[in-house]
Amino acid sequence: MKAITLLGSTGSIGTQTLDIVAQYPDQFQIVGLAARSNVELLTQQIRQFRPQMVAICDETQLPRLQAAIADLTPQPLLLAGEAGVTEVARYGRSEVVVTGIVGCAGLLPTIAAIEAGKDIALANKETLIAGGPVVLPLVKKHGVKLLPADSEHSAIFQCLQGVPDKGLRRILLTASGGAFRDLPVEKLSGVTVADALKHPNWSMGRKITIDSATLMNKGLEVIEAHFLFGMDYDHIDIVIHPQSIIHSLIELQDTSVLAQLGWADMRLPLLYALSYPDRIATNWEPLDLVKAGTLTFRAPDHQKYPCMQLAYAAGRAGGTMPAVLNAANEQAVALFLDERIGFLDIPRLIETVCDRHHPHNQSQPTLDDILEADRWARQEVLVSSRQLANQAVSSHPTTVAS
């Protein structure tokens, strides 16, 4: 039985991971849980899976959590705050740590888990995007496995099994196209938050759904693929695949193309990351190609999705630039979700902040450099958003009747 720690247990990745553990209790055991603030759901998870250590990131919620499980025997060790999440990540008994925390907040706990010798089921792409120059040397130093748990990179990883060294020529990441894939670009200026959250294929968290609408999620995945598989940016491509049946493809040196297909179900890549290198039999619905019907593909529209090109540029710049890109995107998306900026302001703000960082890019960053770049970029987005607002006011002055 494999001992698992789960970071981000109340989010989409976390709940689906726990579905797998519940379905295969003879294969997996939860020993540590960490969540942000959802006391009700975390309480249910503690009662069902009986972890030995639990952290809630929002320290103000710790008394509520303590009261909610006061009757349990034995009691798990309860911790709070970011330091508590990091302690859960390095907890001694677990073999695999599933990193389901959204955003750059997952970086420090993931590093702690690696330094403690844990294999990582990586469902937090920002860990490599922002921290790749630091994380990859630590993975090598501590001899741990870094197993992709998101669908696209899991697909690539699965296709690479048995491929000889230097056999890979190109990576093709598939994208659904998000909420606006069929909307003319000239109409994007008027879209609302509610519009952007209507993903055509599935339900996800708010932040990743907006990233899908801008296609920044795919740009970030390009950077992650570069770090995971050692492929240069000129050989990582994106293709729009509206049906989301092919989860990604690889092209080999002889032009053979291998793809991994399946219904859109995050449990499959999560299960493979947890059970690797084994394959566990499931009773999940198998792919029926006749039912799936026609599979179509088209090139992404760079005018509609400028975030993709911003991500390629940041990846090629390297150093602290990907961390700045990621942080700027997180902050800009948060402002959009709060209805403080428009949809098209997201790429504008990201590009502005990346341009300002360019002269200060650290080519060989330390962890402190990355964390400082992350902090700086978030603040710069706030500053730039206020400048955008002031420009909008000055260009549309209030008319006072004489």
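The model is predicted, so local features are reported only at pLDDT of at least 70 and side-chain atom pairs only at pLDDT 80 or more, while totals for chains, interfaces and linings use all residues. Residues are numbered from 1 along each chain as its sequence is written, and side-chain values use heavy atoms, with hydrogens and water left out.

Helices (H or I, at least four residues) and strands (E, at least two) are DSSP runs, numbered from the N terminus.

Strand β1 (residues 2-7) pairs with β5 in the parallel sense over 4 bridges, and Thr5 stands opposite Val97. Strand β6 (residues 119-122) also runs parallel to β5, joined by 4 bridges, with Thr99 opposite Leu122. Between β5 and β6 the chain passes through helix α5 (residues 107-115), and this β-α-β crossover is right-handed. That term applies if, with the strands pointing away from the viewer, the path from the first strand over the helix to the second runs clockwise.

Another sheet is open and has 4 strands in the order β9-β8-β10-β11, with mixed pairing. Its edge strands, β9 (236-240) and β11 (257-261), each pair on one side only. From one strand to the next the twist averages 20°; axes are lines fitted to C-alpha atoms, for helices over the stretch in contact, and angles run from 0 to 180 degrees between N-to-C directions. Helix α7 packs on this sheet, touching β8, β10 (246-252) and β11, and its direction makes about 40° with that of β10. Contact means heavy atoms within 4.5 Å. Strand β8 (residues 168-175) pairs with β9 in the parallel sense over 5 bridges, and Ile171 has Ile236 of β9 as its bridge partner.

The next residues come from the UniProt record. An unreviewed entry lists a "binding site" that includes Ser151, Glu152, Lys218 and Glu221. Positions from UniProt are given in the numbering used here, feature names are shortened, and annotations may be inferred rather than shown by experiment.

Ser151 lies in helix α7 (residues 151-160) and counts as buried because its relative accessibility is 17%. Apart from neighbours within four places in sequence, Ser151 is in contact with His247, Gln260, Met266 and Pro269. Its side chain makes a polar contact of 3.2 Å with the side chain of Glu152. A polar contact is a pair of N or O atoms within 3.5 Å; within protein, one must be able to donate a hydrogen and the other to accept it, and residues adjacent in sequence count only if both atoms are side-chain atoms.

Glu221 is placed in helix α10 (residues 216-229) and, at 2% relative accessibility, is also buried. With neighbours within four places in sequence set aside, Glu221 contacts Lys125, Asp150, Glu152, His153 and Leu173. The side chains of Glu221 and Lys218 are joined by a polar contact of 2.8 Å.

UniProt also places "binding site" (unreviewed entry) at positions including Glu126 and Gly205. Glu126 belongs to helix α6 (residues 126-142) and is buried, with a relative accessible area of 6%. Not counting residues up to four places away in sequence, Glu126 touches Gly103, Cys104, Gly131, Lys207, Asn326 and Glu330. Gly205 is found in the loop between α8 (193-196) and α9, and is partly exposed because its relative accessible area is 32%.

Helix α9 (residues 206-214) contains Asp211, which is buried at 1% relative accessibility. Beyond neighbours within four places in sequence, Asp211 is in contact with Met216, Asn217, Leu220, Asn329 and Val333. The C-alpha atom of Val333 is separated by 20 Å from that of Asp301, 32 residues apart along the chain. Asp301 itself is in the loop between α12 (289-292) and α13 (306-317) and is partly exposed, with a relative accessible area of 35%.

Notes. Buried means under 20% relative accessible area, exposed over 50%, partly exposed in between (1.4 Å probe, protein chains only). Two strands pair if DSSP finds at least two bridges between them.
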